[in-house]
Amino acid sequence: MRLVHVDDFESPVSLEGADRDAYLRRFVTLFVDELHARRGGIGRVMRATNALGETFALKTLVLPDRVDSSSDEEHEHRIESLKKAFRQEYECHRALSGLAGFPRLYGFGAVGGAPAIIMEWIEGQTLAQACRLLAADDEGRVPPLTAARIGRDLFDLLMRMDLIQDRMVHRDVSMGNVMVRTSRMSVFEQADEGVFELCLVDFGSSASVDGDVSFTSQNRVARKATANYAPPEMLTDDVPNLERLRKSPAIDVYAAASVVYQLACGVPPFDLTCGADDGKRGEQVVSPYRVKTEHEPRPAVMAHNPAADVNAVLMHEPEVAVMVERAAGGMSPRPDDEDVRDALDYVDAQLAELLVKCLAVPQEARPSARQMHGALSAFCRQYSENIERSLAGDPLLPCMLDGRPEGAAVSAMELRAVVKAAAKAASAAVWLIVVCATGLLVHGAHLAFDMGPLTWAGDVNGAAVSAMLAVPGALGLLGRWRDAGTLRGFVRGSAFLAVGALAGAIALAGISAEPGVWRGLAAALFAAVAAGWCPLVVDYTLAVALPTPRTPKRVGLPEGSSAPPALGEAAGLAKRGGYSGADSDEPSSSFSAAPASPRHDGSSQTYETDCAAGAAKEADGSQGGASRVDDAIQVDDALQVDGVSQADELRIDDASQNRKDES
């Protein structure tokens with residue numbers, strides 16, 4: 001620990017008198033732990049403690065060394081520009097301080113002549129580290145439901161940035177700049193609860209949406225982002241209206257979707273690296289801007305897609321295992337591994353399509369953070385029911401985005417819905433016109449009815465005629481009941497309809513009336529029966545001609561049959577651990593199952609508030625051949641997933657655990 005003094009300290013809020021003096025005493029003298037210091041943008045983040053034992057994060061500006069070829073004036077200008085950039089970071093952070101999901105800001109000062117920011121120390125892990133803990137397979141893929149829940153909570157943070165008076169855009173949302181707080185619950189406990197306590201850090205690239213002048217264009221200081229997640233407009237300085245584009249919240253939507261994509265698929269949406277001819281791995285050989293504007297994202301391959309043993313994957317997501325067992329428990333023949341994998345992959349395709357929407361090159365084509373939050377919330381909430389629907393071959397409940405359903409087989413569902421609605425509307429209109437018009441036309445006409453012992457003669461009541469014509473169609477719908485679109489429902493409904501039509505024909509045979517009236521009644525009966533049969537035909541025909549991509553394979557099991565053994569192990573483990581099988585994305589204390597295999601919690605680790613993934617180097621000291629542009633990326637650094645090596649991480653784990661045991 002090193003003792004440091006904070007000079008010229010200023011608080012982020014106005015304080016007077018004794019309150020101000022007491023506040024300053026908390027921060028003017030700090031003990032700094034430099035052992036685990038990390039770079040974050042243009043600064044260096046360290047853990048600091050005051051005399052009261054309070055813990056903070058101290059971020060100091062790293063002043064560059066003088067380049068031999070630069071003059072004194074150029075060097076001084078560069079230092080002043082970096083100081084202004086650091087102050088700009090503080091101002092952006094101050095606008096968000098106090099909102100849930102953002103580190104609390106305590107003040108600004110100087111340490112050893114270098115500007116310093118004092119902020120909340122975040123006990124937690126970056127998403128890059130949490131991803132390794134929550135991975136469901138060897139490829140590092142997080143279960144799709146967990147990835148969607150993280151994405152839902154991440155887009156919730158972006159929504160908050162748009163609610164403040166000075167709307168902000170972060171512009172560097174990445175796996176390293178989103179942290180999961182673990183001071184209250186571990187990462188695993190939050191995954192079991194279904195709600196994540198996320199914190200967005202490092203505001204070195206942030207900007208005000210409504211600002212008038214570009215800070216970068218004034219001071220020529222590059223504001224960095226991370227290439228794997230940044231949208232194309234952050235990867236070039238050669239497009240029209242660049243200043244306006246770089247202040248849009250659509251930047252964060254693109255980056256957040258890329259983060260969720262990597263969580264679910266184990267890799268970013270675009271491959272920006274490949275092996276070079278000289279044998280160097282990971283060297284950039286293409287322009288990130290060109291890759292993201294000229295190519296489609298790579299196909300989303302999630303944990304359920306390539307799994308050779310879906311049961312092994314479900315061991316890492318016992319909540320989903322319970323959902324699958326509940327959905328498959330009443331089906332025969334029992335679903336095999338391939339059936340379950342295909343059903344889950346079909347549901348997961350909804351998440352992939354939502355994320356791809358955010359990766360559109362034009363900003364106006366991307367959904368807003370609010371729309372994505374709503375769509376991902378629906379995906380999580382409907383996940384269990386959609387598994388049941390997928391196994392049964394029924395259309396999925398859609399995730400609504402901008403008033404339109406999104407997800408797998410949306411076009412087929414929309415086509416079926418349009419055709420079905422049009423056909424049923426036409427038949428209903430014909431049926432209603434025939435029934436009502438016939439009753440009006442024959443009202444008051446003189447008829448005679450003679451059917452053996454039943455005889456009657458007199459003037460006709462039009463309402464009674466309309467009711468009799470409505471009977472066959474009503475019987476057909478009643479006979480079909482809930483089996484719309486199935487052969488059984490079609491046959492049963494048609495049989496009920498035929499019975500009603502036959503009764504009407506017998507009654508018509510006993511009527512004596514003028515030839516015109518009798519022929520009109522016969523035509524009306526035929527039209528009413530045809531219009532009543534049309535909904536049955538439409539439902540069954542569309543089910544055959546335009547089926548959903550998944551076809552029903554099973555029917556209900558007889559009562560008392562056993563559950564599918566292929567799913568028993570994972571689901572049984574989940575139940576023994578306390579899972580109730582609820583599908584809500586709201587927190588629930590019942591989801592507290594132990595993992596299938598021993599896993600290190602890691603919640604005792606502490607990580608710096610502003611440790612960005614692949615900390616960016618100084619603009620004049622970078623290597624690797626990546627050209628630096630205004631607000632662009634130093635790709636050789638930005639492509640790093642995490643600034644902490646695995647060996648260092650284990651050492652940090654062991655040291656933290658030892659301190660915990662000693663205490």
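Tutor: A salt bridge is a side-chain nitrogen of Lys or Arg within 4 Å of a carboxyl oxygen of Asp or Glu. This is a predicted model, in which local features need pLDDT of at least 70, side-chain atom pairs count only at pLDDT 80 or more, and totals for chains, interfaces and linings use all residues. Residues are numbered from 1 along each chain as its sequence is written, and side-chain values use heavy atoms, with hydrogens and water left out.

Student: Why is the contact of Arg 341 and Asp 342 called a salt bridge?

Tutor: Their N to O distance is 3.9 Å; the limit is within 4 Å, so the pair qualifies.

Student: What makes Arg 341 buried, partly exposed or exposed?

Tutor: Its relative accessible area is 22%. Buried means under 20%, exposed over 50%, and partly exposed in between (1.4 Å probe, protein chains only), so Arg 341 is partly exposed. Asp 342, at 30%, is likewise partly exposed.

Student: How do you know that Arg 480 forms a salt bridge with Asp 539?

Tutor: The closest N and O atoms are 2.4 Å apart, which meets the distance criterion. Arg 480 lies in helix α16 (residues 462–480) and Asp 539 in helix α18 (residues 515–545), so the pair ties together parts that are 59 residues apart in sequence. Helices here are DSSP runs (H or I, at least four residues), numbered from the N terminus.

Student: Why are Arg 480 and Asp 539 called buried?

Tutor: Arg 480 has 13% relative accessibility and Asp 539 has 4%, so each meets the criterion for buried.

How values were computed: Helix = DSSP H or I, 4+ residues; strand = E, 2+ residues; numbered from the N terminus.
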